[in-house]
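Please look over the sequence and the structure below before reading on.

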Amino acid sequence: MSWGLKNRVERLMKGGRTVMLAVDHGYFQGPTTGLEDPRKTITPLLPYADSLMLTRGVLRTSVDPDLEVPVVLRVSGGTSILKELSDEVVTTSIEEAIRLNASAVAVSVFVGSEHEKETLANLAELVNEGERYGMPVLAVTAVGREMARDARYLGLACRISAELGASIVKTYYCEDFSKVVNGCPVPVVIAGGKKLPERDALVLAQNAMAGGASGVDMGRNIFQSSDPVGMMKAVRAVVHEGARADDAFRLFDEGQAARQIAR
Ligand code: 5RP
């Protein structure tokens, strides 16, 4: 592994833990609730993000170039919620990722889906290219629609991604999550998934950290919150300070009340 690749991973995961802000949802689901105006959503959250995961389109149009937060560039896509989601191609080259000063590229793998093989080939191709330039690859794992999101299938997807050379793997939290982490020789971060009540999302983060996750790559549970900045701070407390979900939720609740009074 080259020094450059290691350096980029370190930038993303200082001290081995990370709170990534995922705002790439529009690449397959259009103007997602909370991301209709990406700049408006992203700007106030930047001071609290260890990295920003997004497409080149949103990076170019909605983020100023004096950005200091490392970028994880979503480079797979080419399909939409109206079609088969696993039918993805690589949409953005490693050279473009370098021009955009990305710290990693992200690609989805759909294990057990119709286009499993192609998505795994996308990952392998990006790892091969990434090794040439010192660019880490984050594998975003999904499993087939008919498969349970459990430790068996998520563990399968994570392990395959690591075997193909991903530097970081993103998955969903599940029961027996430590089995997923223990079977995966690279850092694992969790997606938040659909919007949950804030306290539940913090419990999810707490349980993932207890199960050995290196952090979160969270989107909707942040930017669809009634107080996105407060939620970022609360998630950071869980990930970086080991706060209990209840204490982090109190932080969120008190902060939200204070911000409402100030308005
Ligand atoms: C979609 C993604 C999203 O970034 C991911 O799902 C994280 O967002 P959320 O916390 O909203 O699930 O990679 O493929």
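The model is predicted: local features need pLDDT of at least 70, side-chain atom pairs count only at pLDDT 80 or more, and totals for chains, interfaces and linings use all residues. Residues are numbered from 1 along each chain as its sequence is written, and side-chain values use heavy atoms, with hydrogens and water left out.

**The ligand site**

The ligand is surrounded by 15 residues, the closest being Asp24, His25, Gly192, Gly219 and Arg220; a residue counts as near if one of its heavy atoms lies within 4 Å of the molecule.

| Residue | Atom of the residue | Distance to a ligand oxygen atom |
|---|---|---|
| Asp24 | polar side-chain atom | 2.5 Å |
| Lys170 | side-chain N or O atom | 3.0 Å |
| Gly219 | backbone N or O atom | 2.8 Å |

Taken alone, the ligand exposes 360 Å², of which the protein buries 94%; such areas come from the Shrake-Rupley method with a 1.4 Å probe.

**Helix H12**

Helices (H or I, at least four residues) and strands (E, at least two) are DSSP runs, numbered from the N terminus. Helix H12 covers residues 245-262, which makes 18 residues. From its first C-alpha to its last, H12 reaches 25 Å, close to the 26 Å expected at 1.5 Å a residue; the expected span is 1.5 Å times one less than the number of residues.

Ala245, Ala248, Phe252, Gly255 and Gln256 of H12 are buried, where buried means under 20% relative accessible area, exposed over 50%, and partly exposed in between (1.4 Å probe, protein chains only). Seen down the axis of H12, these buried residues fall within an arc of 105°, so they line one face of the helix; the arc is taken from the directions from the helix axis to the C-beta atoms. An α-helix has 3.6 residues a turn, so residues three or four places apart point the same way. On the other side of H12, Glu254 and Ile261 are exposed. The cover over the buried residues of H12 includes helix H9 (198-210) and helix H11 (228-241), with contact meaning heavy atoms within 4.5 Å.

**Two loop residues with positive phi**

Asn101 lies in the loop between helix H5 (94-99) and strand E6 (104-111). Phi of Asn101 is near 60°, a positive value in a residue other than glycine. Asn101 is exposed, at a relative accessible area of 54%.

Asp176 belongs to the loop between strand E8 (168-171) and helix H8 (177-182). For Asp176, a residue other than glycine, phi is likewise positive, near 60°. Asp176 counts as partly exposed, at 43% relative accessibility.

Notes
A polar contact is a pair of N or O atoms within 3.5 Å; within protein, one must be able to donate a hydrogen and the other to accept it, and residues adjacent in sequence count only if both atoms are side-chain atoms.
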